[in-house]
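Welcome! Have a look at the structure below, and then we will go through some of its features together.

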Amino acid sequence: MDQPILEHARVEGSRVVLAPATPELGRAIHGQLTGAHALYEWLHWDGPVNEQDMAARWGYWRSQEDLAAGVDYVFALLDPQGGAPVGELALCFRGHNFVGDLAYWILPEFQGAGRGKQAVELATWLAFEHLGATLLTADVIVGNERSAGLLTGLGFRKAEEQPSTRQLDDSELSADRPQWTFTLGRRTWLRRTDPTTPLSAELR
C-alpha cells in the first residue's frame with residue numbers, strides 16, 4: 001500500500017495554524033529569528049544566515065522528487081489572529097514511509113501560550129488520520145524539559161537516549177549532543193481520551 005501524499009494542507013486550531021511554508025513567510029519571520037539564541041540552544045540548527053537563507057529553507061513546503069521514497073512536509077506555524085509566522089513544524093517520511101519524524105520550534109516571544117502543544121496535536125491528527133502513519137518519533141536534546149513534557153503529555157513515550165551531531169560552524173567539528181527520542185504509535189493515539197481535532201482543515 002502506498003502512503004497518501006498531500007498536494008496542499010492547511011490545518012487551523014484556536015492557538016496556531018499549520019500552513020504550507022513559503023519563501024514570503026520565511027522572509028517575514030527572519031527578522032524575529034535574529035539573535036534568538038535561547039531558541040537555537042535546543043535545536044540542531046544555528047538559524048538562518050540571512051533573509052535569503054530563510055526564504056530558501058521555506059522554498060518548498062513538500063518534497064518535490066522521488067515521492068515514492070517518502071515525503072517531507074514543512075509547515076509555517078501562524079498566529080490565527082493576524083496570520084504572522086511564529087514557528088515551524090516539519091513532518092518527515094522520506095526514507096521511512098508511514099513512520100514520521102516530527103520536529104518543531106516556536107519563537108521565544110510566542111512560547112508559553114499552548115501554541116507548541118496544539119501544533120503537535122494537529123500534526124499528529126494529520127499524520128494518523130490522513131497520511132496513514134503507523135508511528136511518529138520526535139528527538140529532543142537532553143535537558144529540554146519543556147519539549148519533553150509537551151510530548152509525554154500528548155502520549156509520546158521516551159524510547160532512548162543517544163548522541164547526536166550538530167554543526168557549530170564552518171570550521172569546527174561539532175560535539176555530540178545527547179538527545180531523547182520519543183515515540184507515539186497509532187494504537188496509542190487511537191486510545192486517547194481527549195482527542196484534539198482542528199477547527200477547520202483544507203486537504204487535497
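Let us start with Arg27, which is partly exposed, at a relative accessible area of 35%. Please keep in mind that this is a predicted model.

**Salt bridge within a helix**
- Arg27 pairs with Glu24 in a salt bridge, and their closest N and O atoms are 3.7 Å apart.
- Both Arg27 and Glu24 belong to helix H1 (residues 23-33), where three residues, about one turn of the helix, separate them.
- In general, an α-helix has 3.6 residues a turn, so residues three or four places apart point the same way.
- Glu24 counts as exposed, with 51% relative accessibility, because the cut-off for exposed is over 50%.

**Other salt bridges**
- How many salt bridges does the structure hold? There are five, and the Arg27–Glu24 pair is one of them.
- Another joins the side chains of Asp66 and Arg94, at 4.0 Å from N to O.
- Asp66 sits in the loop between helix H3 (51-57) and strand E3 (72-78), while Arg94 sits in the loop between strand E4 (85-92) and strand E5 (99-106), so this pair ties together parts that are 28 residues apart in sequence.
- Arg94 is partly exposed, and its relative accessible area is 35%.
- Glu12 and Arg10 also meet through their side chains in a salt bridge, with an N to O distance of 3.0 Å.
- Glu12 has a relative accessible area of 25%, which makes this residue partly exposed.
- Arg10 is partly exposed too, with a value of 27%.

- You will find Gln179 in strand E8 (residues 176-185).
- Is Gln179 buried or exposed? Gln179 is buried, as its relative accessible area is 6%.
- The side chain of Gln179 makes a polar contact of 3.3 Å with the side chain of Asp139.

**Helix H4 and what follows**
- Helix H4 (residues 115-130) has 16 residues, which should span 22 Å at 1.5 Å a residue.
- H4 is mostly covered, with 13 of its 16 residues buried.
- Just after H4 comes Gly132, which takes a positive phi of about 70°.

Key:
Residues are numbered from 1 along each chain as its sequence is written. This is a predicted model: local features need pLDDT of at least 70, side-chain atom pairs count only at pLDDT 80 or more; totals for chains, interfaces and linings use all residues. Side-chain values use heavy atoms; hydrogens and water are left out. Buried means under 20% relative accessible area, exposed over 50%, partly exposed in between (1.4 Å probe, protein chains only). Helices (H or I, at least four residues) and strands (E, at least two) are DSSP runs, numbered from the N terminus. A polar contact is a pair of N or O atoms within 3.5 Å; within protein, one must be able to donate a hydrogen and the other to accept it, and residues adjacent in sequence count only if both atoms are side-chain atoms. The expected span of a helix is 1.5 Å times one less than its number of residues.
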